[in-house]
Amino acid sequence: MDKNAIKELVSSLGEEKVVTDKEIVRLYSKESSGLSGNAIAVLFPESAEEVSRIASIAYRLEIPIYPQGSSSSLSGNAFPSKMGVIVSFERMNKVKNVSLIDSVAIVEPGVRIEELNFMLEEKGYMFPIDPASQSIATIGGAINNGAGGLRGAKYGTMKDWVNGLEVVIPDENGTRLSLGCLTIKCRHGYDLVRLIIGSEGTLALVVGAALRIVPIPERVVTILSFFNRLEDLLNAFVEIKESGVQPYIAEFMDKKTVELAAKGVDISFSPNGNMLLISIDTTAESSGRVMNWLVDTMKRHNAIEIQSALMQQEAEEKGLFKIRRNLFSAQSRLGKKEGRPSRVFIEDIVVPPSKIPAAVSKLREIGEKYGFIVSLGGHIGDGNIHPSVVYDPEDEEEKKKVYRWFEEVMEVSLELGGSISAEHGIGTMKKGGMKMEFSEKSSEKAIDIMREIKAVFDPKCILNPGKVFDC
Amino acid sequence: MSLMNARFVAELLKEVSLKTMLPVPVKMDVIYGWAINEGLPRSGKRYLYTGGLYQLLPYINETVKYIKVLEKSSSGELALRAILDAIKVNPYIISSFIKPKPSEVNASYRILKSISRLVSKKVELAYLYEDDVYSGVLLYDMGLDDAFYEHAKKVYEKMLRRKATNLITVDPHTTYILREVYPKFIEGFDLEVKSYIEVLDELGIDLRGKARPKWGLVTIHDPCYYARYLSIYEQPRRLLSAVGVEIKEVRRSKKMTFCCGGPLEAMSPKYSEDIARSRMAELSSKSKVIVTMCPICRANLERVKEEGVTILDIAELLSEA
Amino acid sequence: MKPLEEILKDVSRCVYCGFCESVCPTLPFGPHRGYGPRGRINLIINSIKEGNLSQEAASSIYSCLLCNACSEVCPMKIDIAGDIREMKALINRGAFGPISIKIRER
């Protein structure tokens with residue numbers, strides 16, 4: 001079957017768009033979660049039409065298709081879990097049109113978020129979804145993953161920024177559909193756009209998107225504060241919210257994580273204690289007033305160290321974001337054993353922001369129980385926490401321990417009225433977690449409904465099979 | 001199109017280097033010809049060491065062109081094999097085919113003269129003349145470590161013979177290889193190696209008057225080896241500011257500079273050119289005057305130069321002041 | 001020259017985040033992920049562990065400019081260009097047999 005399939009794909013796409021070299025295919029069969037599989041080929045379509053041909057061939061030959069952006073998935077939603085073909089969207093990476101008056105950017109799925117923003121920045125605009133992986137994360141991946149980011153509290157997640165989608169579904173003809181609208185207002189029956197966002201490539205192949213864009217705020221003031229007590233930090237945040245202000249960015253890290261993340265970071269102040277990083281968008285005229293109020297608020301809540309900046313550039317120069325940006329790097333190197341392979345396990349739960357102190361204390365308890373060095377940071381604005389550990393993937397005992405830790409972390413989110421995944425998705429890793437969540441909410445039937453929806457879009461279950469749930 | 005086997009390039013480079021101590025078979029005076037009338041003393045404490053990259057680059061590019069022609073000929077790989085075999089016997093056999101444009105050779109001589117004059121104003125500078133030999137940097141970059149080691153030993157012997165203790169280099173690749181790599185390969189190598197840009201930055205630059213150079217606003221293309229391998233990126237900016245040049249930075253500058261694509265030139269010219277073109281577009285969006293400080297970057301960007309763009313070596317700009 | 005085990009030790013720290021790919025000059029013009037730092041590093045890991053290297057993989061590794069932008073953004077601070085150069089030296093020495101290197105653009 002493989003040989004025939006490849007022959008047919010080559011004659012349909014051309015040789016240069018079908019890679020079968022085993023060593024190269026392997027590079028596409030792995031993702032940042034550390035999970036890997038195998039595939040017969042990687043395909044590089046350059047147009048929606050070619051994607052449509054692929055879908056049609058795969059449907060007829062019943063070959064699984066694994067759509068892929070940059071494989072930065074942390075939940076197992078990008079790697080090929082069974083033999084099949086990988087469809088890489090890296091060559092469909094054009095920004096086709098940007099209209100400021102319509103506040104919309106028409107893009108192909110392989111455009112990287114950061115690249116889009118470099119382009120928009122020149123016009124004073126931005127696409128506000130900013131996952132930590134934005135330098136490589138593609139629009140197609142972000143759509144399918146329902147990505148969020150630092151600005152989640154203010155700007156929401158991917159579901160709030162896609163007006164329309166062009167998709168291909170796996171049927172006899174590889175049918176192309178245009179869903180949603182160019183405009184933000186759009187009411188024509190069921191919202192299939194929102195259904196596909198976050199579907200992790202299991203419903204359709206996204207070949208184009210109409211994205212909403214917004215102006216970059218005139219000014220962004222930033223304050224970085226450190227607190228001895230986590231409760232004080234939260235109270236400071238509560239006061240900001242109760243004053244009717246929605247921060248642009250609101251990040252926190254607990255004391256131990258600050259110690260890790262600040263290592264080797266070149267800054268002129270001494271980071272010590274639980275960290276709160278707040279940015280607020282203002283006008284030029286109001287920035288001073290907002291800044292003074294922020295400093296006062298932090299002082300009133302016993303901040304022991306306060307650093308502030310009236311403008312983005314000043315914040316960069318003072319290094320106010322450096323500790324936050326170093327978090328992934330610190331997480332990755334955490335507890336790493338010399339000469340051993342390592343894998344970072346970054347969890348992604350969400351709780352109502354008011355429950356963050358309770359979540360942190362529980363997560364610390366669990367970490368200690370398993371003897372892991374856990375880093376704890378996240379988006380306080382939207383309650384999304386990313387506890388993470390590093391482990392040796394070749395050490396079976398340690399791996400088992402990590403899975404148990406992982407289960408307990410998800411339980412914490414549910415106990416506190418949250419969810420097991422905020423922005424990384426279900427993939428293969430959280431299929432059990434998703435069941436747990438719906439059963440906790442006595443809503444198991446929801447998964448049955450999802451399964452039926454999947455069958456309508458993808459009757460042969462060839463689109464990213466084995467992800468989210470089993471067909 | 002047939003794709004050339006890059007290992008052929010490696011083998012050719014190795015053969016020529018072992019036989020001639022140069023990456024391409026040219027006469028040694030190509031390297032020191034620029035200094036003939038400059039009156040630099042033959043001995044001293046501080047030596048200018050060019051390592052020949054500026055002077056050789058026009059010849060290297062011609063050789064690459066020549067190989068491409070052979071490769072595209074009807075006999076293709078056979079012709080390349082034959083050349084390689086002939087070179088093993090007499091490397092100079094291809095010399096007569098390597099004729100760079102005189103303007104390119106002159107440009108590199110002009111840059112070197114500027115550098116030597118700028119530095120001479122500040123320190124007593126001697127020159128190595130016939131011992132100003134090529135550093136072997138391309139052998140190292142290609143991973144031809146055995147040949148590089150043999151070559152580096154010979155270079156070091158020459159330096160010892162000239163009793164050199166301080167070397168002032170002129171390009172990022174030679175600076176890097178001498179400062180960071182030689183000590184790892186050559187036991188006891190303890191020469192102090194500094195780029196002339198560092199030297200001028202430390203000692204200050206003499207201005208002839210207050211006249212602003214005519215170029216005004218420029219953009220800088222940082223070479224990878226200065227910016228990332230040696231952390232030399234503020235120094236050239238300080239020097240340019242000192243002579244009244246205004247700089248408009250591209251996004252990918254300083255430590256995050258974007259490679260010109262030059263090192264791929266010998267193995268895949270089209271690939272190298274595409275990278276250069278994307279860099280050129282970025283640079284020219286900031287200024288039509290682009291300042292380089294590496295002969296490889298200069299040559300590679302020059303090939304894809306957009307209309308109205310001027311590419312200047314930093315030494316040319318500084319010496320105008 | 002770095003010993004083989006040391007190269008392997010360094011490249012094995014890769015967490016596959018892909019951040020390096022955002023700054024690589026060769027990747028956007030290459031035919032696939034092999035022509036970028038994450039690809040090259042993982043080709044090195046697999047080939048050293050398993051002792052073989054395809055022409056496509058060797059060419060991918062060879063296409064590196066050694067510009068080292070990748071190392072600047074690598075969260076694990078892997079010496080990416082350094083390791084790739086060492087790998088070129090290994091290929092030249094015939095550690096993986098007589099492989100032809102054909103660098104191809106997309």
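**A:Pro67 and its surroundings**

Author: Leaving out residues up to four places away in sequence, A:Pro67 touches A:Val87, A:Phe89, A:Gly201, A:Leu205 and A:Asn464, where a contact means that two C-beta atoms, placed from the backbone, lie within 7 Å. The model is a predicted one, in which local features need pLDDT of at least 70 and side-chain atom pairs count only at pLDDT 80 or more, while totals for chains, interfaces and linings use all residues. Residues are numbered from 1 along each chain as its sequence is written, and chains are lettered from A and ligands numbered from 1 in the order in which they are written.

A:Pro67 belongs to strand β3 of chain A, residues 65-68; helices (H or I, at least four residues) and strands (E, at least two) are DSSP runs, numbered from the N terminus. A:Pro67 has 26 C-beta neighbours inside 10 Å and so counts as buried, a term that requires 20 or more other C-beta atoms within 10 Å of the residue's own, whereas 12 or fewer make a residue exposed and values in between partly exposed, with C-beta atoms placed from the backbone. A:Glu347 is 280 residues from A:Pro67 in sequence, and their C-alpha atoms are 23 Å apart in space.

Residues up to four places away in sequence aside, A:Ile196 is in contact with A:Leu165, A:Val167, A:Leu203, A:Ala204 and A:Val206.

On the scale of the whole chain, chain A is split into domain 1 (2-90), domain 2 (95-215), domain 3 (219-325) and domain 4 (328-424), with bounds that come from an automatic or database domain assignment. The centres of domain 2 and domain 4 of chain A, taken over C-alpha atoms, are 29 Å apart, and their contact involves nine residues of domain 2 and seven residues of domain 4. The domain 2 side of this contact consists of five nonpolar, four polar and no charged residues, counting Ala, Val, Leu, Ile, Met, Phe, Trp, Tyr, Cys and Pro as nonpolar, Asp, Glu, Lys and Arg as charged, and the others, Gly among them, as polar.

Chain A also meets chain C, in a contact that takes 29 residues from chain A and 23 residues from chain C. On the chain A side, the elements that give two or more residues are α2 (22-27), α13 (327-333) and β16 (343-346), and that side divides into nine nonpolar, ten polar and ten charged residues. Chain C in turn touches chain B, with 23 residues from chain C and 26 residues from chain B. Here α4 (69-73) and α5 (80-92) of chain C each give two or more residues, and α5(C) provides the largest share of the chain C side, four residues. By class, the side of chain C that touches chain B has twelve nonpolar, five polar and six charged residues.

Chain B itself has 14 helices and eight strands. Its radius of gyration is 19 Å, close to the 20 Å that the globule rule gives for 321 residues, so chain B is as compact as a globular protein of that length; the radius is taken over C-alpha atoms, and the rule is 2.2 Å times the number of residues to the power 0.38. Buried residues account for 46% of the 321 residues in chain B, and the C-alpha atoms of this chain fill a box of roughly 60 × 45 × 35 Å, taken along the principal axes.

Chain B is divided into domain 1 (6-201) and domain 2 (207-320), whose centres, over C-alpha atoms, are separated by 22 Å. Each of the two domains contributes to their contact, with 25 residues from domain 1 and 25 residues from domain 2, and the domain 1 side comprises 13 nonpolar, six polar and six charged residues.
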